[in-house]
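Student: I am new to this structure and would like to learn how to read it. Could we go through it one feature at a time?

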Amino acid sequence: QATRFDAIVIGAGAAGLMCAMSAGRRGRSVLLIDHAEKAGKKILISGGGRCNFTNLHTAPDRFVSANRHFAISALKRYTQHDFIALVRRHGIAYHEKKLGQLFCDDSARDIVGMLLRECDEAGVRLALETPVTRIARDGLFRVETSRGPFESESLVIATGGLSIPKMGATGFGYRIAEQFGLKVLPTRAGLVPFTFAEADPRNFKDLAGVSCEASVRCGGTAFDEAILFTHRGISGPAILQISSYWRDGDTVEIDMLPGLDAAEHLKRLAAERPKAEVKTVLSEVLPRRLAHRVTPAGLDGRPAGQVREREWSGLAEDLRHWRITPAGTEGYRTAEVTLGGVDTSELSSKTLEARRVPGLFFIGEVVDVTGWLGGYNFQWAWSSGYCAGQFA
Ligand code: FAD
């Protein structure tokens with residue numbers, strides 16, 4: 001005999017916890033299932049252990065999706081300010097680090113503790129270490145698990161994406177969508193470092209550890225933040241951001257002297273230090289190792305005063321439009337998020353319910369909505385989780 005609930009939520013991550021608590025608060029009996037041994041594992045490791053739980057500047061244009069309007073409704077119905085109010089009610093201290101990014105002062109454990117307390121108060125039953133073996137629907141949803149079968153009117157899939165398989169990420173949510181005939185868009189790693197082929201003479205191994213401010217562009221999108229050279233390629237916030245817009249084979253353009261009239265600036269520096277070598281002059285605007293690396297062979301060793309105007313302009317142009325073609329990305333092993341997923345055209349933007357399967361909901365990262373770096377992905381989890389919780 002299956003135990004019956006009004007709603008079953010599978011996945012006790014950010015979206016699932018929020019959904020379970022908001023459905024529970026409506027008086028619904030809710031079972032929250034996860035195969036992991038604890039809830040909110042990704043929250044715990046996020047933001048370097050301090051959880052960048054939302055962004056003050058949350059707006060629909062900070063999300064990547066085949067339908068860029070889909071997130072508008074949920075983000076409006078449960079905003080960053082709603083989540084901040086919840087955090088405040090629980091007395092959790094937080095601060096803005098930069099660019100609207102809000103972090104816990106103390107620990108990401110505060111956020112998980114808050115959500116678990118809310119779920120507990122809302123009467124949510126939590127079943128951890130509970131793998132789901134089969135889902136069927138015959139009027140009610142029937143969820144078979146290692147702890148026996150459960151039944152419910154509503155079923156919410158909140159099992160996240162494919163990033164960090166080591167932490168238990170699975171393609172479960174996509175398989176369930178397909179089982180019920182819903183379209184799933186191809187997935188790929190997002191917010192992820194780029195790699196270069198080992199044999200590529202343009203790999204940057206010798207620069208590993210060097211970082212600088214840059215403007216990084218791919219197609220029509222650009223981000224102004226730091227880049228960081230690594231042993232395998234290139235990372236840093238601006239690169240992670242642009243990776244969500246990058247497709248195999250695309251060229252990425254990096255402006256290493258953003259916000260400067262680069263040619264004029266270099267000429268002025270050269271006029272001030274005519275005897276200095278070109279790479280020494282460049283070291284005034286770029287980290288030393290990078291400056292040496294990008295000094296063209298033809299200018300290497302020449303005193304700055306002997307470099308012609310035209311050559312400065314050419315060099316400035318090269319540094320402002322430095323093109324790289326990554327061999328690939330680090331993939332799901334290190335990606336913060338998964339792009340693609342359950343096609344939003346299958347879901348109501350207001351309720352997150354599958355249009356063709358009443359009672360079945362998809363929320364959080366499993367859906368084809370992916371935020372920028374900076375707290376946007378958790379905000380999507382809170383917003384979509386809350387909205388589904390109002391209807392599940
Ligand atoms: P998840 O949080 O991944 O939760 C999914 C849950 O489902 C997990 O508990 C998992 O155990 C469970 N599950 C999976 N498969 C099954 C199954 N078959 N059966 C039962 N349960 C299952 N975003 C930010 O906004 N700010 C940050 O600071 C930030 N930092 C990050 C740092 C790292 C290292 C990573 C990897 C991601 C970070 N993100 C951050 C992204 C953010 O963690 C995710 O976007 C967010 O957790 C997605 O929430 P979710 O609930 O959809 O999925």
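Student: Which residues form one aromatic cluster?

Tutor: Keep in mind that this is a predicted model. The cluster is made of Phe-53, Phe-83, Tyr-94, Phe-378 and Trp-382. Rings are paired by the distance between their centres, with a limit of 6.5 Å. By this rule there are 17 aromatic pairs. In one of them, the ring centres of Phe-83 and Trp-382 lie 4.2 Å apart and the planes are at 5°, so this pair is stacked.

Student: Which parts of the chain does the pair link?

Tutor: Distant ones: Phe-83 belongs to helix H4, while Trp-382 belongs to helix H12 (residues 376-389), and 299 residues separate them.

Student: Are Phe-83 and Trp-382 buried or exposed?

Tutor: A residue is called buried when its relative accessible area is under 20%. Phe-83 has 0% relative accessibility and therefore counts as buried. Trp-382 is also at 0%, so Trp-382 counts as buried too.

Student: Phe-83 is in helix H4. How is the packing of H4 with helix H5 described?

Tutor: Two packed helices are described by the angle between their axes and by the distance between those axes. For H4 (residues 80-89) and H5 (residues 109-121), the angle is about 90° and the axes are 10 Å apart. H4 is therefore roughly perpendicular to H5.

Student: Which residues of H4 and H5 meet?

Tutor: From H4 come Phe-83, Leu-86 and Val-87, and from H5 come Ile-111, Met-114 and Glu-118. Sorted by class, this contact has 5 nonpolar residues, no polar ones and 1 charged residue. As for spacing along a helix, an α-helix has 3.6 residues a turn, so residues three or four places apart point the same way.

Student: How many residues of H1 are buried?

Tutor: 11 of the 12 are buried, so H1 is largely enclosed by the rest of the structure. Among the buried residues are Leu-17, Met-18, Cys-19 and Ser-22. Ser-22 is buried because its relative accessible area is 6%, and the cut-off is under 20%.

Student: Which residues does Ser-22 touch, not counting residues up to four places away in sequence?

Tutor: Ser-22 touches Gly-385, Tyr-386, Gly-389 and Gln-390. The C-alpha atoms of Ala-388 and Ser-22 are separated by 8.5 Å, though the two residues are 366 residues apart along the chain. Leaving aside neighbours within four places in sequence, Ala-388 is in contact with Cys-19, Thr-351, Leu-352, Phe-361 and Ile-363. With 0% relative accessibility, Ala-388 counts as buried.

Student: What share of the contacts with a separation of 6 or more is between residues 24 or more positions apart?

Tutor: In this protein, such residues account for 71% of those contacts.

Student: How many helices and strands are there in the protein?

Tutor: There are 12 helices and 21 strands. Of the 392 residues, 55% count as buried. Taken along the principal axes, the C-alpha atoms fill a box of roughly 85 × 40 × 35 Å.

How values were computed: Residues numbered from 1 in each chain as written. Predicted model: local features only at pLDDT ≥ 70, side-chain atom pairs only at ≥ 80, totals over all residues. Heavy atoms only, no water. Axes fitted to C-alpha atoms, helices over the stretch in contact; angles between N-to-C directions. Helix = DSSP H or I, 4+ residues; strand = E, 2+ residues; numbered from the N terminus. Parallel < 35°, antiparallel > 145°, perpendicular 65-115°, else oblique. Contact = heavy atoms within 4.5 Å. Nonpolar A, V, L, I, M, F, W, Y, C, P; charged D, E, K, R; others polar. Buried < 20%, exposed > 50% of the residue type's maximum accessible area, 1.4 Å probe, protein only. Phe/Tyr/Trp six-rings, centres within 6.5 Å; stacked < 30°, edge-to-face > 60°.
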